Amino acid sequence: MPKHYRPPGKKKEGNAARYITRSQAVKHLQVSLPVFRRLCILKGIFPREPKKKVKGNHHTYYHTKDILFLKHEPLLEKFRDIRAYDRKVKKALSKKNRDLAERLLTRKPDYTLDMLIRERLNLNDHFVYTAFLASIRSLYLQITMFGTLVGIFVLSLLFILRLRLSHEWQAYISRTHKLRKTFISVKGIYYQVEVEGQKVTWLTPHALQQVVPEGVDYNIMLTFLEFYETLLAFVNFKLYHSINVKYPPILDPRLEALAADLYALARFIDANSKVPALESQSVSSSGSEQAEAQQKGSELDESELRLAQLQHQLPSNEPGALMHLMENASGEEEDDEETRECKALFKNTKFFLSREVPRESMLFVIPAFGGVVSWEGEGAPFDESDQSITHQIVDRPTQGHRFLSREYVQPQWVYDSVNARIILPVEEYLVGRVPPPHLSPFVDNEAEGYVPEYAETIRRLQVAARKEVLPMPGLGKEDLDDPQNLLAEGIISRAEAIEAAEKKQKMSFLQKQYLDELKMELNGVQYSADSSANKQNSAEETKAGEESLPESQQDADDAANLSTVLMSRRKRRLLEAMEIGKKRKKDHVGLLKERKKNIEAKKSG
């Protein structure tokens, strides 16, 4: 008998022992396929691709160790208990015993995913902050899924409660002024924030009726959402405690009924930042007020009593509650320069929203940059007739009644000002006018090779606001580099190198001529006296430059050919692909410029 002889049907080795098919896993765990999928999503177990598929290519494979971990998972026993309990309820309903069914429903077993969060994020003493940063990086998917699914299942109370988690996240961003970029697209509104050094970008769909697509298994998405709900609650808990605010927040039920969750959260954070002052005032209160508080405490439970105390100290229509989130905070770290810039953008600016303006987005963006905002309807901090309002956001063709003490602008003005970090002129955004193009802050115009005209206008406004000096026209950082070196490194093409060499020579000549003129002015010499000499020098330098251009072009060609010959086939193909990409990019820029010329020709015609 050979040494490594193994009888058939005995111990397995290799891929047959390391991997197991999905049908075998379901049979081994004695669960249904939906429960198995749910367990895999919650535990973070995903299919594998073995090099040798023992059972065939049409099977889905899992690690055997992962299935053994699922076998001893306490959540599996919970699912079995819930399934058995549902059978008891179904049996009671089939026997028309509604009293028993209602009693069983009140005692239905439940479960939490807190232990799964600790397990998957490895929340030990030394890795809590690292896991916290990792969970922040994954928030983009969670918040986007919250907004999307709530828009689809708008009548579900469970989804409304889960949407409150995203409102708590937005309230923290407004409180700490961590919002950096926003962009309105056809899909929705993009936001980018920077929390704990981590950039998070997510998409919030527009508040419109959603078309439910067919062929999507929403049960799988709801399982992901169930895990993300617990993870987002963990992140919000850590963030709120970092600014000394209790979590979960207690909101005003009146504002919740009016769908003003962001404003209610802002009031709660503002009131909690003044907790020491509230406690000192409550100690010095009169005996009659204490008696009234005791009488209310006998009628209300603990949470309602806390809310009543907060509302007693903070008026329901306090106009500064949405802006003063940063004041009176204890133990807060000093903000960085970018946060201070965002905090002071809309300082001493008061906004009022008309009823057609997206209120939720404006209540998130404006306070994040230091502004005060109100809206038309119940629960608003101040009315439209307030004389201290500086800007009213209107999204309609005309505005009937106008106040002379404020500006009437379109909502795009707020987003463009936020992206530019300056308060833009309102003339282009007045009611009834076609606003300028809404530029994306996520696009690097310099890298794309095409700078829109309005981007140049915003850049000039930024320079004027910061009292900086623009460089000479046509002079940039790339002019200081040697075009031949850039060509040899593959940064620019041959035509761009020749153009850069010509540009560099012309700019050096103009700079020299400018310096000579300054010297003559300092010496008191008139320019006309030496104009002929300057012209002769300029002609000689121009001829010398024209003679040196073919030599530089030949050197660039030789360097490019030599570097291409010495490359391997793989690198040569990669270089060709890069050149094709650059050509496509250049063609796209040419197309944009041609479209711009056509539009200008139509306007002039």
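Over how many bridges do strand β4 and β5 pair? Strand β4 (residues 188-195) pairs with β5 in the antiparallel sense, over eight bridges. Two strands count as paired if DSSP finds at least two bridges between them. Strands (E, at least two residues) and helices (H or I, at least four) are DSSP runs, numbered from the N terminus.

This is a predicted model, in which local features need pLDDT of at least 70, side-chain atom pairs count only at pLDDT 80 or more, and totals for chains, interfaces and linings use all residues. Residues are numbered from 1 along each chain as its sequence is written, and side-chain values use heavy atoms, leaving out hydrogens and water.

Back to the sheet. It is open, has three strands in the order β3-β4-β5, and pairs antiparallel. β3 (179-184) and β5 (198-205) stand at the edges with a single partner strand each, so one side of each lacks a neighbour in the sheet. Neighbouring strands are turned by 15° against each other on average, direction ignored.

The largest nonpolar core has 84 residues. Such a core is a set of buried Ala, Val, Leu, Ile, Met, Phe, Trp, Tyr and Cys residues joined through side-chain atoms within 4.5 Å. Buried means under 20% relative accessible area, exposed over 50%, and partly exposed in between (1.4 Å probe, protein chains only). F36, L179, V365, F369, W413 and V414 have the most contacts inside the core. Helix α11 (residues 218-242) gives the most to this core, with eight residues. Not counting residues up to four places away in sequence, V365 touches L179, Y191, V414, Y415 and V418. Contact here means heavy atoms within 4.5 Å.

Finally, confidence. pLDDT is the predictor's confidence in each residue, from 0 to 100. The chain mean is 75, and 69% of residues reach 70 or more. Over residues 275-302 the pLDDT is below 50.

Definitions and conventions. Axes are lines fitted to C-alpha atoms, for helices over the stretch in contact, and angles run from 0 to 180 degrees between N-to-C directions.
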